[in-house]
Amino acid sequence: MPALESCCFLVSNRSGTIAIGTFLLFFTVSLLGVSVGFIAGWEHFDTSFLVDASNKLRSQCQEEDYVGNCTNREWVATRVDNLQGKLNNISEILREIGPVWKNEFISLFAFLPWYGFANVLLIIGAVKETRILLVIWVVSTLVALVWEFVLLSILFSYDTTVGFVLTLAILQLVGFSVFSYCILIVFSFYQEMTSHTVKQMLERRVDD
């Protein structure tokens with residue numbers, strides 16, 4: 001009997017396993033892109049083009065022969081200014097945390113492609129019902145969970161403020177819970193395939 005009868009009480013463990021592999025593959029590729037961005041120094045992005053756009057919107061209203069709606073232009077220009085200010089704040093924050101986080105993202109960059117490949121194997125294993133591919137994913141996920149706690153411990157050695165530690169600790173525990181549930185679903189599907197294989201073997205022996 002499998003550990004879980006279904007995934008989220010909605011779909012079969014097989015469908016849930018495919019969904020888990022697809023979602024984690026998308027998440028892994030996205031996080032890999034963020035890692036490359038931090039390593040390459042993309043936090044130093046230029047927002048001067050927003051200032052130019054805002055000035056251009058306002059300058060046309062100052063022309064004597066302009067007959068358009070300046071109220072709408074001023075509204076858009078104000079929103080562009082607000083966006084530029086928010087992006088500048090984000091850029092400053094990223095510059096401050098960059099030296100600390102860059103080493104973490106370098107570690108992630110070295111691991112994420114392999115975990116992405118494990119998710120591809122999980123999808124193939126669920127579709128083709130190949131048990132060994134599910135085992136590879138479970139082992140890779142356990143390694144990922146351990147590695148995440150190691151990286152978090154290293155971050156806590158740089159910053160021990162209450163807000164920083166509490167926020168990351170809660171996010172880590174939530175992530176751990178979600179991954180643990182995913183492992184249970186995949187393991188349940190593994191048990192279903194094993195039970196089906198054993199049943200087929202017994203039926204063949206009876207027929208013989």
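Q: How many nonpolar, polar and charged residues does the lining of the largest pocket have, by class?

A: Please keep in mind that this is a predicted model. Rolling a probe the size of a water molecule over the atoms shows where empty space is left. Here the lining of the largest pocket has 23 nonpolar residues, together with three polar and two charged ones.

Q: Which residues are the closest to the centre of the largest pocket?

A: The largest pocket holds about 860 Å³ of space. Of the 28 residues that line it, Phe27, Leu31, Leu108, Glu148 and Gln172 are the closest to its centre.

Q: Which elements give two or more residues to that lining?

A: They are helix H1 (13–40), helix H3 (70–128), helix H4 (131–158) and helix H5 (162–207), and H5 gives the most, with eight residues.

Q: Why does Val139 count as partly exposed?

A: The class lies between buried, under 20% relative accessible area, and exposed, over 50%. Val139 counts as partly exposed because its relative accessibility is 46%. Val36, which has its place in helix H1, also counts as partly exposed because its relative accessibility is 31%.

Q: How far apart are Val36 and Leu108 in sequence and in space?

A: They are 72 residues apart in sequence, while in space they are 9.5 Å apart, taken C-alpha to C-alpha.

Terms used
Residues are numbered from 1 along each chain as its sequence is written. This is a predicted model: local features need pLDDT of at least 70, side-chain atom pairs count only at pLDDT 80 or more; totals for chains, interfaces and linings use all residues. Side-chain values use heavy atoms; hydrogens and water are left out. On a 1 Å grid over the protein atoms alone, a cavity is a set of points where a 1.4 Å probe fits but cannot get out, and a pocket is an open set with protein on both sides within 12 Å along at least five of seven lines; lining residues have an atom within 4 Å of a point. Grid points are joined across faces, edges and corners, and a volume is the space filled by probe spheres set on the points. Helices (H or I, at least four residues) and strands (E, at least two) are DSSP runs, numbered from the N terminus. Ala, Val, Leu, Ile, Met, Phe, Trp, Tyr, Cys and Pro count as nonpolar, Asp, Glu, Lys and Arg as charged, and the others, Gly among them, as polar. Buried means under 20% relative accessible area, exposed over 50%, partly exposed in between (1.4 Å probe, protein chains only).
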